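Student: I have a new model open on my screen, and I would like to learn how to read it. Could you take me through it step by step?

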Amino acid sequence: MQRQEMEQYLAELGQALEQQGVQQPVRILLIGGAFMLTQMSSNRVTNDIDVLLSDIDDPTTSPLYQTFKMAARIVARQNNIPLTWINDVIGDFLRDVSKIPQGTLWRTYGLLQVYIPEADYILALKLLAGRQKDKEDIQLLCQQLHINTRIHAQQVVDRYIPDKQVQQINNLDKTLGILFP
Amino acid sequence: MKTIGHLQTMAFTYQEICQGERPWVALGNFMNDWFDYAKDRRAELVKTPIALPEKPTEEQFRWAVFCAASVEYLCTRYAVPCPAWVYNPLYMLSEPWFDAPMAHKPEVQAYLMEQTPEPFARRNIYCGNRMFNNKYELAEQHRLRKLAQTTGQLHSRT
C-alpha cells in the first residue's frame, strides 16, 4: 500500500464512521509501517495500516469498537481488499506492555482523527520485535533520533516498555547486542 | 494493496523480488497470507516452485535460496507438507550470507550461526531465528498468557 492509497482508505473510513452514526471523533494512533510511510520515508510501502484505537480499553466490550470494525469492513468491501487492511491485532499486547503515547494530531477525515506517536516509541517497538524486516527502519530511526549507543537505545525501550520480563521474553538484549556490538 | 482474491504465493513473492520489490515488503505480504488471510490455504501458498531468472544476479539468487529455506522451515514448523522443489540442491549458497546489521563482526556472526534454524544454515544463510516473528502470533500468545494468568488467579481463590 502506498501513501496515496492509504490516505484514500482512511478518508473512506472517516466517511463510513459518519454513516454508522458515530457522534464523537474516533482517535487512532498510527504505528508500524504506516508510521514509517507517512513520517519517515514516503517512497516505501506498507502491507497494512497498523493502528491503536486510543479510546478503547477493551475491544470485547466496546460498542465503539464494533462500529469501528463495521466501518472498516465497509471500506474493505468498497475496495475489494482484506478486512485487515487496517489492523489493530497487536493493540491488546501494546496496551498491556507499553506506555502508549498520546501522539500528535496528523490528519482528520470526518470523525476519524489520526494521531502520530513520537518516533522513539516506534523505535522501541521495533527494537522489541527485533525482526529482519525492521532492520532498515531501525537504522533510519536511530539515525533520525541520533541514537548511536546501546545504552541510549536501551533507555528508549525502558521509557516505553519498562517491564524487564517483557524485554527478556523478546530477547531485547540479543537484538541490542547485534545492533550495537 | 493486494485485492482480496489475490493469493501471495512464495512463487509470486519471489517474482516480485526479482522485479525490484523490496524483499521484506514482498515477504511481508506472504507472511500476512501465511499467518492470517490465507492460513487455511498454506499448502497452496508454497506448492508452486519459484522461477529463477535466466541469469540471476547474486542478490536475486540469494533471495531464491532464502525463499526455499523459508518454505522448508515454515512447512516443518506448521506441519504443512513440504513441496519437493525446496530440496533442489541448486538452492544452496557457496559462501555464507550473514543477514543482520553489523554482520561483519565475528561476535554477531557467532550469534547468528548459533540461532539460525537448520533449513537456513544448511543452505549457508545465517539470519537468526526471528525472521518470521509476526503480530498475529504475538497477539495470540499474549492472549493465552493473560488467560492462563486469569485462570491461575481464579484457581488460587477457590
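**Reading the model together**

Tutor: Gladly! Chain A splits into domain 1 (3-117) and domain 2 (120-179). Keep in mind that this is a predicted model.

Student: How far apart do the C-alpha centres of domain 1 of chain A and domain 2 of chain A lie?

Tutor: Those centres are 24 Å apart. Where the two domains touch, ten residues come from domain 1 of chain A and ten residues from domain 2 of chain A. On the domain 1 side, helix 2 (residues 32-40) of chain A gives the most, with three residues. By class, that side of domain 1 of chain A has seven nonpolar, two polar and one charged residues.

Student: Next, the sheet. In what order do the five strands of chain A stand?

Tutor: The general idea comes first: strands of a sheet pair through backbone hydrogen bonds, either parallel or antiparallel. Here, the five strands make an open sheet with the order 3-2-1-5-4 in chain A, and the pairing is mixed.

Student: Which strands of chain A stand at the edges?

Tutor: Strand 3 (86-87) and strand 4 (104-109) of chain A do; each has a single partner strand, so one side of each has no neighbour in the sheet. Find Ile28(A), and you will see it opposite Leu53(A) of strand 2 of chain A. Helix 2 of chain A packs on this sheet, where it touches strand 1, strand 2 and strand 5 (112-116) of chain A. The direction of helix 2 makes about 105 degrees with that of strand 2 of chain A.

Student: How do I read two helices that pack together, such as helix 1 and helix 2 of chain B?

Tutor: Look at the axes. Those of helix 1 (residues 10-18) and helix 2 (residues 23-37) of chain B come within 9 Å and cross at roughly 165 degrees. An angle over 145 degrees counts as roughly antiparallel, and therefore these two helices of chain B are roughly antiparallel to each other. Their crossing is right-handed. Among the residues in contact are Met10(B) and Ile17(B) of helix 1 of chain B, and Leu27(B) and Phe30(B) of helix 2 of chain B.

Student: And how many residues does each chain bring to the contact between chain A and chain B?

Tutor: Chain A brings 26 residues and chain B brings 28 residues. Helix 4 (91-97), helix 6 (135-145) and helix 9 (172-179) of chain A each supply at least two residues of the chain A side. That side of chain A has twelve nonpolar, six polar and eight charged residues.

How values were computed
Residues numbered from 1 in each chain as written. Chains lettered and ligands numbered in written order. Predicted model: local features only at pLDDT ≥ 70, side-chain atom pairs only at ≥ 80, totals over all residues. Domains from an automatic or database assignment. Contact = placed C-beta atoms within 7 Å. Helix = DSSP H or I, 4+ residues; strand = E, 2+ residues; numbered from the N terminus. Nonpolar A, V, L, I, M, F, W, Y, C, P; charged D, E, K, R; others polar. Axes fitted to C-alpha atoms, helices over the stretch in contact; angles between N-to-C directions. Parallel < 35°, antiparallel > 145°, perpendicular 65-115°, else oblique. Left-handed = near helix turned anticlockwise from the far one by under 90°. Pairing = 2+ DSSP bridges.
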